[in-house]
Amino acid sequence: MRKNFGPNTYLYPQPVLIIGTYNEDGTANAMNVAWGGICGRPRLAINIGAGHQSSDNIRRTGAFTVHVADEAHMAEADYFGLVSGKNEDKIVKAGMHTEKSEFVNAPVITEFPIALECNVAEIQDAGGLMRVVGDIVNVSIDESVLGDDGMLDFDKLNAISFDAMKHAYLKLGGQVGNAYSDGNKIK
């Protein structure tokens with residue numbers, strides 16, 4: 001038996017993404033975005049309210065970074081979604097640090113282990129929401145989350161996911177199979 005919940009954003013796992021942009025005065029800003037993901041190769045899309053400081057920054061600079069939030073920085077990631085960058089310097093208040101991306105006009109938040117560095121490809125406005133499609137110019141990954149093979153070790157990343165139904169963060173991890181392989185058993 002199924003229970004209906006009507007139109008809601010209950011898609012799992014839903015990554016917790018932290019957007020990095022530069023304010024007009026050159027200071028770094030961060031925002032927690034729950035709605036985003038890969039939408040092409042190599043492209044991603046994020047959906048944010050059009051009135052946010054990050055929205056203004058993206059329109060002005062044409063660039064942004066997308067960080068995958070991790071368990072170690074869950075409180076900071078949540079904070080980035082609670083307070084407006086129009087009111088305070090969130091990076092400083094959270095005790096985090098940035099460095100300028102080598103590839104786009106946006107900051108990389110160094111505490112988050114992975115950053116996708118993007119230039120704006122397209123902006124769509126729809127009723128107070130802004131959908132930003134970005135061309136991924138570079139992906140930078142901290143060596144602390146790389147495996148012996150030199151690739152991202154997802155278990156070391158300790159990425160978190162947003163549970164929209166319960167308003168909770170969940171830790172992701174653990175390989176359960178092999179893509180492009182395990183389905184061959186059914187062929």
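Colleague: Does Y10 count as buried, partly exposed or exposed, and at what relative accessibility?

Modeller: This is a predicted model, and in it Y10 counts as partly exposed, at 29% relative accessibility. The cut-offs explain the label, because buried means under 20% and exposed means over 50%.

Colleague: Which aromatic pair does Y10 form with F5, and how should I read it?

Modeller: A pair of aromatic rings is described by the distance of the centres and the angle of the planes. For F5 and Y10 the centres are 6.2 Å apart and the planes stand at 75 degrees, an edge-to-face pair. F5 is also partly exposed, with a relative accessible area of 42%.

Colleague: How is the pair of F162 and Y169 arranged?

Modeller: F162 and Y169 are tilted, with 55 degrees between the planes and 6.2 Å from centre to centre. The angle is not over 60 degrees, so the pair is not called edge-to-face. Y169 has 26% relative accessibility and counts as partly exposed. The structure holds 3 aromatic pairs.

Colleague: Turning to the helix, which residues of α1 are buried?

Modeller: An α-helix has 3.6 residues a turn, so residues three or four places apart point the same way. In α1, residues 53-61, the buried ones are Q53, S54, S55, N57 and I58.

Colleague: What covers the buried residues of α1?

Modeller: The cover includes the strands β1 (17-22), β2 (28-33), β4 (43-49), β5 (63-68), β8 (114-126) and β9 (129-141). Just after α1, G62 takes a positive phi of about 70 degrees.

Colleague: Which residues have the most contacts inside the largest nonpolar core?

Modeller: They are I19, L44, I46, I58, F64, V66 and L116, in a core of 19 residues. At least two residues of this core come from each of β1, β2, β4, β5, β8 and β9. Another core, of 17 residues, lies apart from it and has I18, A69, A77 and A164 among its members.

Colleague: How do β5, β8 and β9 pair?

Modeller: In a regular strand the side chains alternate between the two faces of the sheet. Here β5 and β8 pair in the antiparallel sense over 5 bridges, and H67 has A115 in β8 as its bridge partner. β8 and β9 also run antiparallel, joined by 12 bridges. The bridge partner of V120 in β9 is G134.

Colleague: What lies between β8 and β9 in their hairpin?

Modeller: There are 2 residues between the strands, and G127 in the turn has a positive phi of about 55 degrees.

Definitions and conventions:
Residues numbered from 1 in each chain as written. Predicted model: local features only at pLDDT ≥ 70, side-chain atom pairs only at ≥ 80, totals over all residues. Heavy atoms only, no water. Phe/Tyr/Trp six-rings, centres within 6.5 Å; stacked < 30°, edge-to-face > 60°. Buried < 20%, exposed > 50% of the residue type's maximum accessible area, 1.4 Å probe, protein only. Helix = DSSP H or I, 4+ residues; strand = E, 2+ residues; numbered from the N terminus. Contact = heavy atoms within 4.5 Å. Core = buried A, V, L, I, M, F, W, Y, C linked by side-chain atoms within 4.5 Å. Pairing = 2+ DSSP bridges.
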